[in-house]
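Hello,

Here is the structure I promised to hand over. Please open it before you read on.

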Amino acid sequence: MSKQKPKPSRKEKISKLPRLLILLVFVAAFTGVGLFAMGNVRLSPISDLQLLGRQGDGFPIEFSYSHARQAAAMGNSVALLGPTQFDIVSQNGYRSVQFAQPYAMPALRTAGNRAVLFDRNLGNITMFRRGGILATHEMGQSIFTVDINPQGAIAVATRSDRAAAEIFVYNPRARQQLHWQIEREHPVALRLSNNGRVLAMCLAGTEQAGVYARFVDFPLNAQQPRTDIRLPGVWLYDTASIAGGWLAVGNEAVYLIRHGASTAEELSFGGRTLRGFSLQNNGYSAVLLEDWDHQVLLRVYNSRGTLAAEHTLEQQPYSVIAQGRAVYLHMGDMVLRWRPNGFSQSQPLPAGTQSVVIAGREVYALSVRHVEHMRLRWSAADV
């Protein structure tokens, strides 16, 4: 009969721990060296391991992404819509969502940590959070436009067999809150308030060979609109909520529209041409205007709809992004940031940058086949 080996004592078990820790450290180091030798591994969970100890101000993280049709911030991540795929990628290059989208005419909207992907032609909608799919809808009609708020409520404008268009609003639990038919006009833009209680609509119509805009403000607990205004000869592009009303951008002016008002206050462009704009609910919004001498004027409006700043720029920005307490201008080789205390500029962007997505201190620089993430550093700028 063989003797049973004595069980190791608790003291002996503890004495083996340092050797185990050394082994784990060796395996981790070996894995890191192997990954470094293989080159940058992008768009997979392993990239989080690879980048440990390399993160600092201004570090670039580059990953391949061919021909992004649309890109938008989701918190500190970026949502990327390509010809056949949709991805949500973190600043570390970690892909939390990979969706082979089958849509023929896809479009993307984001707010906070929520995104909605929809097919204008087939009327299919897929809603995402950063960890995956939240819900899907089949509208049964082609879609004009969609909006989403940070809580995940969505507003949808579809074609209709019974009217010119139909409006639907669903809360974050996919429960319908509003269904309204539009008899004559077609929806151009929808905007849900951040709390999800009110929907604003920019509509376009024709009458006697002329165009007009119709602005509607619809509380979701009401049966009829609270505000319903016609603007002859005007086209409204978009709107955003301000204290006590809405700010709307048209082809020739910015409009202040108070809750329940019968008319809109026009903030004229002064003969200048609209070159770009970015509106956000209850925050700073911005428009870019150009005059006959090709000088570009930046106008910034605050959360009350008051003009907060006006600056002439030495060159025309590629795009303008209002976000949080700042306005960002993509100037091609760098980003210019406006705050109430003045301008600052970023370090140079990667060569070949065609567009940018701003997410707090982060920027995603998009070129034709790559996306590069950088953490922005700022220095004072004279404008």
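This is a predicted model: local features need pLDDT of at least 70, side-chain atom pairs count only at pLDDT 80 or more; totals for chains, interfaces and linings use all residues.

Buried residues

Thr145 sits in strand 10 (residues 143-148). Thr145 is buried, because its relative accessibility is 5% and the cut-off for buried is under 20%. Beyond its sequence neighbours up to four places away, Thr145 contacts Arg109, Ala155, Val156, Ala157, Pro187, Val188, Ala189 and Leu190.

Val287 belongs to strand 23 (residues 285-290). Val287 is also buried, at 1% relative accessibility. Its contacts include Val249, Leu274, Phe277 and Tyr301. Arg299 is another contact of Val287.

Salt bridges

The count is 11 salt bridges.

- Asp238 and Arg191: the closest N and O atoms are 3.3 Å apart. Asp238 lies in strand 18 and Arg191 in strand 14, so the pair ties together parts 47 residues apart in sequence. Asp238 is buried at 16%, and Arg191 is buried at 12%.
- Arg214 and Asp228: the N to O distance is 2.7 Å. The pair links strand 16 to strand 17. Arg214 is buried at 14%, whereas Asp228 is partly exposed at 39%.
- Arg299 and Glu310: the N to O distance is 2.8 Å. The pair links strand 24 to strand 25. Arg299 is buried at 10%, whereas Glu310 is partly exposed at 42%.

Shared partners also join Arg184, Glu207 and Arg230 into one salt-bridge network.

Best regards

Terms used
Residues are numbered from 1 along each chain as its sequence is written. Side-chain values use heavy atoms; hydrogens and water are left out. Helices (H or I, at least four residues) and strands (E, at least two) are DSSP runs, numbered from the N terminus. Buried means under 20% relative accessible area, exposed over 50%, partly exposed in between (1.4 Å probe, protein chains only). Contact means heavy atoms within 4.5 Å. A salt bridge is a side-chain nitrogen of Lys or Arg within 4 Å of a carboxyl oxygen of Asp or Glu.
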